[in-house]
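Please keep the sequence and the model in view while reading.

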Amino acid sequence: MEAILHEIYNGILNGESKTVEAKVQVALDNKMNPKEILDQGMVNAMAEVGHRYEIGEFYVPEMLISARAMLVGMGILKSHLKDANIAPAGKVAIGTVKGDLHDIGKNLVSMMLEGGGFEILDLGSDVMPEKIVAVVKEFSPDIVALSALLTTTMPNMKVTIEALKVANLRDKVKVIIGGAPVTEVYTQQIGADGYAPDASRAVKLAKDLIGKR
Ligand code: B1M
């Protein structure tokens, strides 16, 4: 079993989508826990990709092919991460903020929230504040979940909250935020309702905020 996780890990690191696709399937066929496959085989590999980029061993193209392999693996895991026993908990509109194309973490949060029983409106990445306002108006989600991976795009979380205020929608929806550079302190500074450092804590936070735990 360890060997399969290792192959998935290396597949992501080397950007080999086909290997990742095949090995994730083998792991599932062998009844491995999907959360274990995700955390130990895949998320760890992306952390190593980030490390190699930081020390100048990887460049953007390597990051990109690793990200593609990660997304292929996540696609296979998705339905297995759902917990069928949990009743619908609420509606979440989720997106990565304007200017930011990083969507792996956002997709993971989205998948885990869906697995936690939430109905998901996934708005993708590079989402304009105006789009969030329009979606809140039209679909009345309980929660807006914003992701940012760049220090330069984090301020667009505040811009989005301000846009909700201007549209008189701020008190109609909870706003939660996350992503590698985001902190609890920043959450308070911009007046968001909550921060989660990872996908599973995002589910707990969302449930707490709408009183479903
Ligand atoms: Co970029 N990138 N990238 N990148 N990239 C980072 C973020 C960086 C830290 C790398 C580095 O320098 N070490 C750095 C940011 C530096 C900074 O601002 N502080 C960086 C940079 C600089 C850039 C470019 C500017 C590079 C360039 O072009 N010169 C460029 C920007 C493009 C843009 O967005 N406009 C860029 C581009 C890219 C790729 C397109 C090549 C690719 C993204 C592909 C994709 O997402 N489809 C990419 C990647 C893959 C990364 C790294 C290597 C990995 C990110 C990732 O997917 N992590 C990243 C380095 C790193 O993070 N160590 C890096 C795995 C993922 C599971 O974790 O997204 O953190 P994460 O999500 C976690 C939590 O943060 C949390 O839960 C998730 C799961 O537990 N979370 C939330 C996330 N969102 C949440 C929302 C919530 C709650 C929790 O809502 C409530």
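Which helices and strands each supply at least two residues of the shell around the ligand? They are α3 (34-54), α4 (60-81), α5 (104-115), β3 (143-147) and β4 (174-178); helices (H or I, at least four residues) and strands (E, at least two) are DSSP runs numbered from the N terminus. The model is a predicted one, in which local features need pLDDT of at least 70, side-chain atom pairs count only at pLDDT 80 or more, and totals for chains, interfaces and linings use all residues. Residues are numbered from 1 along each chain as its sequence is written, and side-chain values use heavy atoms, with hydrogens and water left out.

The ligand is surrounded by 31 residues, the closest being Leu101, His102, Asp103, Ser147 and Thr151; a residue belongs here if one of its heavy atoms lies within 4 Å of the molecule. By class, the shell holds 19 nonpolar, eight polar and four charged residues, where Ala, Val, Leu, Ile, Met, Phe, Trp, Tyr, Cys and Pro count as nonpolar, Asp, Glu, Lys and Arg as charged, and the others, Gly among them, as polar.

Nitrogen atoms of the ligand take part in several pairings. A polar side-chain atom of Asp103 lies 2.7 Å from a ligand nitrogen, and one of His102 lies 2.8 Å from a ligand nitrogen. At Gly179, a polar backbone atom is 3.5 Å from a nitrogen atom of the ligand.

Thr187 is located in helix α8 (residues 184-190). Thr187 counts as buried because its relative accessibility is 2%, the limit being under 20% relative accessible area (1.4 Å probe, protein chains only). Leaving aside residues up to four places away in sequence, Thr187 touches Ile177, Val182, Ala192, Gly194 and Tyr195, with contact meaning heavy atoms within 4.5 Å.

Technical notes:
A polar contact is a pair of N or O atoms within 3.5 Å; within protein, one must be able to donate a hydrogen and the other to accept it, and residues adjacent in sequence count only if both atoms are side-chain atoms. Buried means under 20% relative accessible area, exposed over 50%, partly exposed in between (1.4 Å probe, protein chains only).
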